[in-house]
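Please prepare a briefing on the structure shown below.

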Amino acid sequence: MAKFKIWMVALTLIMGVSFTSCMNSDNDTTRYGGTLAKVYSMYGVNYYFKTADGLTITPTSGSVAEIEARGFKFSEVEGEVVQIAYQWDSSVLEIPDNATEVSGVTLTGILSIDSPVEIVDNPGASNDSISDTPIISLKKEASSIYTYEPYYFDRTTLILPINYYLQTKPHSFTLVYYPNEEITDGIIKLYLRHKKSGDNMTPGSPTSWDYAVNGSSYLYWRSFNLQNILYSASSSLDKVIVVAEENPSSVDLKDTSTKTNEYTVEYKEIK
């Protein structure tokens with residue numbers, strides 16, 4: 001497989017989702033963790049994170065300040081889903097597997113996985129978004145017992161596992177809602193738009209799933225805030241259909257093997 005090309009030094013700070021280091025020696029008490037979580041604060045200070053299954057993670061104020069000193073602004077991602085990496089000293093802080101709250105960990109990295117959502121009154125409007133390349137799929141069978149697929153982080157936040165080819169440049173994704181489109185059975189359709197942003201990838205390039213396995217989960221998971229659509233739509237968003245143009249063997253949107261697939265996503269509380 002081609003050697004992965006990472007274009008941002010900050011990526012070295014980020015580890016994979018739910019990653020726990022197995023590289024510790026018997027005498028090393030440093031432990032590592034990483035996950036997707038939403039950013040919260042107490043009146044703009046004392047930032048903390050919550051995962052989809054209810055785990056609250058509160059890092060030390062010193063580690064937050066250190067990341068802000070590098071130029072990252074927590075205020076700009078409050079309310080968004082991010083990928084975080086953190087560490088702790090197991091000789092000082094013990095975190096049980098069934099913990100619901102974690103405090104005092106050192107935050108070592110943070111990256112937003114938030115992508116835009118557009119409400120487009122008419123196709124072709126100035127804020128409409130058009131794909132220029134297909135994705136591979138929104139569904140990935142990671143093993144014989146687990147499949148990654150779209151899910152609700154909470155009632156207004158949709159998480160999409162987007163597998164696609166990429167080489168040296170980050171791609172962009174937009175979720176588009178057409179309010180004038182007829183609704184069937186009260187379920188709205190959301191259209192995923194994928195732009196390669198000048199990347200020269202091929203079907204032989206690494207995939208976003210490959211990058212995620214190697215730690216860069218933010219390239220695979222994307223978060224979409226549906227709050228504005230909730231205000232606009234006349235139906236509940238407890239169930240939506242995500243429409244995506246897919247082709248596992250070509251990066252040409254006009255290739256005859258490119259198919260339009262639909263995914264029905266229903267809100268389910270994660271426990």
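The model is predicted, and local features need pLDDT of at least 70, side-chain atom pairs count only at pLDDT 80 or more, and totals for chains, interfaces and linings use all residues. Residues are numbered from 1 along each chain as its sequence is written, and side-chain values use heavy atoms, with hydrogens and water left out.

**S257**

- With a relative accessibility of 30%, S257 counts as partly exposed; buried means under 20% relative accessible area, exposed over 50%, and partly exposed in between, with a 1.4 Å probe and protein chains only.
- The side chains of S257 and N247 are joined by a polar contact of 2.8 Å. A polar contact is a pair of N or O atoms within 3.5 Å; within protein, one must be able to donate a hydrogen and the other to accept it, and residues adjacent in sequence count only if both atoms are side-chain atoms.
- S257 and N247 are 10 residues apart along the chain, and their C-alpha atoms are separated by 6.5 Å.
- Leaving aside neighbours within four places in sequence, S257 is in contact (heavy atoms within 4.5 Å) with E246, N247 and S249.

- S131 is found in the loop between β7 (117-119) and β8 (140-141), and at 9% relative accessibility it counts as buried.
- The side chain of S131 reaches the backbone nitrogen of H194 at 2.9 Å, and a polar contact of 3.4 Å joins the side chains of S131 and E245.
- Not counting residues up to four places away in sequence, S131 touches L192, R193, H194, E245 and L253.
- S208 belongs to helix α2 and counts as buried, at 0% relative accessibility.
- The backbone oxygen of I162 is reached by the side chain of S208 at 2.6 Å.
- The contacts of S208, leaving aside neighbours within four places in sequence, are I162, N163, Y164, L166, L219 and Y220.

**Cavities**

- The count comes to 2 cavities of 30 Å³ or more. On a 1 Å grid over the protein atoms alone, a cavity is a set of points where a 1.4 Å probe fits but cannot get out, and lining residues have an atom within 4 Å of a point. Grid points are joined across faces, edges and corners, and a volume is the space filled by probe spheres set on the points.
- The largest cavity holds about 40 Å³ of space, and its lining consists of Y177, Y178, P179, E181, E182, I183, I188 and K189.
- By class, that lining has 5 nonpolar, no polar and 3 charged residues. Ala, Val, Leu, Ile, Met, Phe, Trp, Tyr, Cys and Pro count as nonpolar, Asp, Glu, Lys and Arg as charged, and the others, Gly among them, as polar.
- The second largest cavity has a volume of about 30 Å³.
- The lining of the second largest cavity divides into 4 nonpolar, 3 polar and 1 charged.

**Nonpolar cores**

- In soluble globular proteins, nonpolar side chains tend to be buried together.
- The largest nonpolar core has 37 residues, and those with the most contacts inside it are L158 and L192. A nonpolar core is a set of buried Ala, Val, Leu, Ile, Met, Phe, Trp, Tyr and Cys residues joined through side-chain atoms within 4.5 Å.
- Apart from neighbours within four places in sequence, the contacts of L192 include S131, I135, L138, L160 and F224.
- A second, separate core of 18 residues includes V39, L55, V102 and L107.

**Positive phi angles**

- N46, in strand β2 (residues 45-50), has a positive phi of about 50° although it is not a glycine. At 54% relative accessibility, N46 counts as exposed.
- D185, in the loop between β12 and β13, has a positive phi of about 55° and is not a glycine. D185 is exposed, with a relative accessible area of 73%.

Conventions:
1 Å grid on protein atoms, 1.4 Å probe; cavity = no way out; pocket = protein on both sides within 12 Å on 5 of 7 lines; lining within 4 Å. Helix = DSSP H or I, 4+ residues; strand = E, 2+ residues; numbered from the N terminus.
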